[in-house]
Amino acid sequence: MQRENRLYDELTPGDTASVQRVCTAHDLYVFAHASGNLNPLNLPAKDGGASPDTVAPSMWVGALISGVLGNVLPGPGTLYRAQALSFDRRVHIGDTLEVTVTVQEKRPDNVVVMETVIRRGDGETVATGAAEIIAPTEKVVMDEREIPDLLLQQHRHFDRIMAMCDGIAPLETAVVAPEDAASLGGALLAAEAGIIRPVLIGAADRIAAVAAEIGADISGIPLEPADSHDAAAARAVEMVHEGRVDALMKGNLHTDALLRHVVKKRGGLRTARRLSHTFVMDVPGLDHLLLVTDAAVNIMPDLECKVDITQNAIDLARALGIAQPKAGILSAVETVNPRIPSTLDAAVLSKMADRGQIKGGLVDGPLAMDNAVDVQAARTKGITSLVAGHADILVVPNLEAGNMLAKELTFIAHAESAGVALGAKVPVILTSRADDDESRLTSCAIAALYQHWKRTGAPAVAPES
């Protein structure tokens, strides 16, 4: 779309123009950053929710006038001299605003007085005033401009995961060695949210000391004493066999100490599938969840192991409400190259999915990272695929690649991450010391949703907002 400005001589009293704009939470965040105004009355909740107590800053409302003057009437080349405004009503998130400017008076030296009015969609007047502007002096015909997108660090996909847990039964969970503030606090947070029903296993005195440190009352929570981390992990696995718990949650012990008992041949929790870990990531700017696997358990998986890794991730994606997950099998290139073994594995996995040996999702590879997640990159490479550019799941060649990818997304792209290990008789929540409360809480929610899906055959549904 092209816009042509109006010079001083082309303006006539009574000329008018209007633009509509909806107030969003993003507008208020951006204005807070640009202006430095951190008045809590003007800031939405962390999730961007529209609280009736949140009002748009009046100067954000007034700034909308400059959009009409600079883009429409008189248009490009317009300069402000003065602006008077009177604010009659407040604006809230979701309000539609109509901003109108009208030529009121022409003065010498290219000065024009414009009447400015802002109304809500219901017709109520929000603000009135007058602008003094200097009209453009040169003719400009300008294409509609695109400006760079702003990336706000919001994690709405994790909000949906939490909402899906409403109405499903709490997951009976053995929390192994919750002997530090992060692991005990995370488990208690999930319990308070009704997502898990914890059983604490570990050194009773240390757990009690941590509870006192964080001000938590654990008197009503079952506690199984264990004098070592090895004994705590063994007892957690026993409780699965006893039918007392349906998930394990790692506390303040090394991952190997827990998984040693999960994968042992006698008395462990092995199934026909290989154990693998899947990160579930909420990446700002991405319109869907992104799953990365395996970045935590299998160091150098062979083809047979990658089949289970891929199937585990597809099952988890379905449990999280993705009806037909798209799994991209990553390598350094998107063509089969016998000198790059991961491309051969990717091609075989893709064909196995075609033959029904991997079920429930679409699988394609080899794909490089760019054409797995970016449609334009896939088109540029001439890749015709239902997965390329749309991958929900990224299956990495080995643990090193997966670990680097997950941490890059977390610490550079500011993604929130959660995750769970699948392939055992029950999900294993493998939290890290670096995980924050939201990550631990969401990891519990993911495990609960997976068990619900296994039990019912259908994903939980988030209530209508």
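Me: Which residues are linked with E224 in a network of salt bridges?
Reply: The network of salt bridges links E224, R235, E238, E242 and R244. The model is predicted, so local features need pLDDT of at least 70, side-chain atom pairs count only at pLDDT 80 or more, and totals for chains, interfaces and linings use all residues. Residues are numbered from 1 along each chain as its sequence is written, and side-chain values use heavy atoms, with hydrogens and water left out.

Me: What makes the pair E224 and R244 a salt bridge?
Reply: The term asks for a side-chain nitrogen of Lys or Arg within 4 Å of a carboxyl oxygen of Asp or Glu. For E224 and R244 the N to O value is 2.9 Å, so the pair meets the rule.

Me: Which parts does the pair of E224 and R244 tie together?
Reply: E224 lies in strand β10 (residues 223-225), and R244 lies in the loop between α6 (229-241) and β11 (247-250), so the pair ties together parts that are 20 residues apart in sequence. Helices (H or I, at least four residues) and strands (E, at least two) are DSSP runs, numbered from the N terminus.

Me: What does the salt bridge of D345 with K306 tie together?
Reply: The closest N and O atoms of D345 and K306 are 3.0 Å apart. D345 lies in helix α9 (residues 341-354) and K306 in helix α8 (residues 303-319), so the pair ties together parts that are 39 residues apart in sequence. Both D345 and K306 are buried. By the salt-bridge rule the count comes to 21.

Me: Why is α8 called roughly perpendicular to α13?
Reply: α8 and helix α13 (residues 437-456) pack at an angle of about 90°, with their axes 8 Å apart. Angles of 65 to 115 degrees count as roughly perpendicular, under 35 as roughly parallel, over 145 as roughly antiparallel and the rest as oblique, so α8 is roughly perpendicular to α13. Axes are lines fitted to C-alpha atoms, for helices over the stretch in contact, and angles run from 0 to 180 degrees between N-to-C directions.

Me: Which residues of α8 and α13 meet?
Reply: D315, L316, R318 and A319 in α8 meet I446, L449, Y450 and W453 in α13. Contact means heavy atoms within 4.5 Å.

Me: What makes A424 count as buried?
Reply: A424 has a relative accessible area of 11%, so A424 falls under the cut-off for buried. A424 sits in the loop between β17 (416-422) and β18 (428-429). Not counting residues up to four places away in sequence, A424 touches V262, L269, T271 and L275.

Definitions and conventions:
Buried < 20%, exposed > 50% of the residue type's maximum accessible area, 1.4 Å probe, protein only.
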